[in-house]
Amino acid sequence: MASCSRSLQHIRAPVQRVLAYSLGASRAYATVPTNTPESPPSPSNPAVPSPPRRPTYFKDTTVSTFDEFVSTSSATSPLSPSDAYTLRTAEVGPASNRRTITRLPEWLKTPIPAGNDNYKSIKKDLRGLNLHTVCEEARCPNISECWGGDNKNAATATIMLMGDTCTRGCRFCSVKTNRAPAPLDPHEPEHTAEALARWGLGYVVLTSVDRDDLADGGARHFAETIRKIKAKKPSLLVEALTGDFRGDLDMVKIVAQSGLDVYAHNIETVEGLTPFVRDRRATFRQSLSVLEHVKKVQEGSITKTSIMLGLGEQEQEIADTLKELRNVDVDVVTFGQYMRPTKRHLKVEKYVTPEEFEMWRLRALDMGFLYVASGPLVRSSYKAGEAFIENVLRKRAGEKASSTVEGKIGATVAMGETLRTE
């Protein structure tokens with residue numbers, strides 16, 4: 001009997017599978033539309049209807065296709081100025097918790113830095129030598145432009161010294177913060193010099209996190225890095241973007257006299273907004289004193305600073321700030337749009353238009369600045385500005401060399417005339 005029951009089960013199993021298949025074939029899911037509605041004609045060609053959309057398991061069948069989601073305004077149909085400068089909003093979130101967000105203007109959209117061989121090569125070199133860049137840590141929107149040049153000679157990377165953790169907590173910056181960061185890497189100056197000599201750059205920017213946990217604020221580490229770079233490649237022009245060293249001007253002097261070519265220190269915003277934007281240990285007047293002291297201790301040096309717009313500053317406040325900078329003989333200033341890194345940081349009060357940035361560029365040049373870089377995506381370490389400053393520095397070096405040669409020739413001629421008269 002047991003064998004007979006097992007044989008009946010073997011016969012019954014195929015029959016059950018056939019019946020289950022026939023019943024399932026006629027069954028449809030409640031959330032899948034059985035009759036897909038026809039799509040409206042294509043906007044580009046009304047006569048040719050768009051292909052029907054695929055059935056979806058989602059109840060909302062009005063969701064746009066992926067192609068419509070990623071599409072942006074093309075060069076063939078440019079936006080009018082009024083449409084381009086109008087801020088657009090979008091509704092996001094579930095139906096029970098909808099919220100409105102502001103979409104970025106068209107002039108602030110940049111390509112994703114992916115697929116470029118030079119970008120990958122620079123990143124590989126940085127990771128291999130355990131170096132950090134402010135391009136990555138501060139989420140700079142120009143990283144694809146600066147790292148993605150046709151070759152390494154055209155590329156720019158701003159090296160961030162003394163680790164990737166800052167002891168200050170400015171309300172606009174996305175760099176990690178901690179009261180007790182990791183100790184300094186004693187090999188970092190040598191590794192930095194080795195990497196820069198390998199790339200074959202003509203101009204490099206060095207910056208650092210604030211290290212208030214160190215007695216000298218990291219000034220000697222900064223200066224040692226610059227000296228090692230100059231030892232390996234004397235022709236390389238070095239810009240140092242430093243902190244304020246808690247107002248210790250002796251530390252400013254150490255960096256200023258280390259052999260650098262450009263000393264940069266950012267005031268970030270106007271004086272009235274400084275307490276709300278920057279860390280409480282950083283003040284507007286303290287930053288001005290740093291820039292002023294560099295000119296006193298290092299004759300012929302170029303000083304540079306940067307201002308963010310869009311934080312709520314007023315026109316007169318910006319004009320007053322530029323006057324203050326000229327009073328301490330700052331040579332270069334840059335203007336850029338403040339971009340909110342995360343929700344924990346300050347909100348953007350205004351997206352400044354390219355026309356306003358151009359207006360501030362012209363006004364700053366009229367006030368006597370040597371060079372001004374101004375635009376929505378301009379940052380303190382901006383490649384176009386570096387190219388201009390590089391030309392200025394090399395021109396000055398050439399004029400100095402020629403004047404030195406002329407002086408030696410004049411001294412020789414005078415000595416010869418003296419010998420003849422004797």
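These legends go with close-up views of a predicted model. Local features need pLDDT of at least 70 and side-chain atom pairs count only at pLDDT 80 or more, while totals for chains, interfaces and linings use all residues. Numbering runs from 1 along each chain as its sequence is written, and side-chain values use heavy atoms, leaving out hydrogens and water.

**View A. Helices α8 and α9 side by side.** Here α8 (residues 219-232) packs against α9 (residues 249-256) at about 10°, axes 8 Å apart. That makes the two roughly parallel (angles under 35 degrees). On the α8 side the contact (heavy atoms within 4.5 Å) uses Ala 219, Arg 220, Phe 222, Ala 223 and Ile 226, and α9 brings Met 251, Ile 254 and Val 255.

**View B. Arg 326 over Phe 369.** The charged end of Arg 326 sits over the Phe 369 ring, 5.2 Å from its centre (the rule: NZ of Lys or CZ of Arg within 6 Å of the ring centre and within 35 degrees of the ring normal).

View C. The disulfide count (sulfur pairs within 2.5 Å) is 0.

Note on methods
Axes are lines fitted to C-alpha atoms, for helices over the stretch in contact, and angles run from 0 to 180 degrees between N-to-C directions. Helices (H or I, at least four residues) and strands (E, at least two) are DSSP runs, numbered from the N terminus. Angles under 35 degrees count as roughly parallel, over 145 as roughly antiparallel, 65 to 115 as roughly perpendicular and the rest as oblique.
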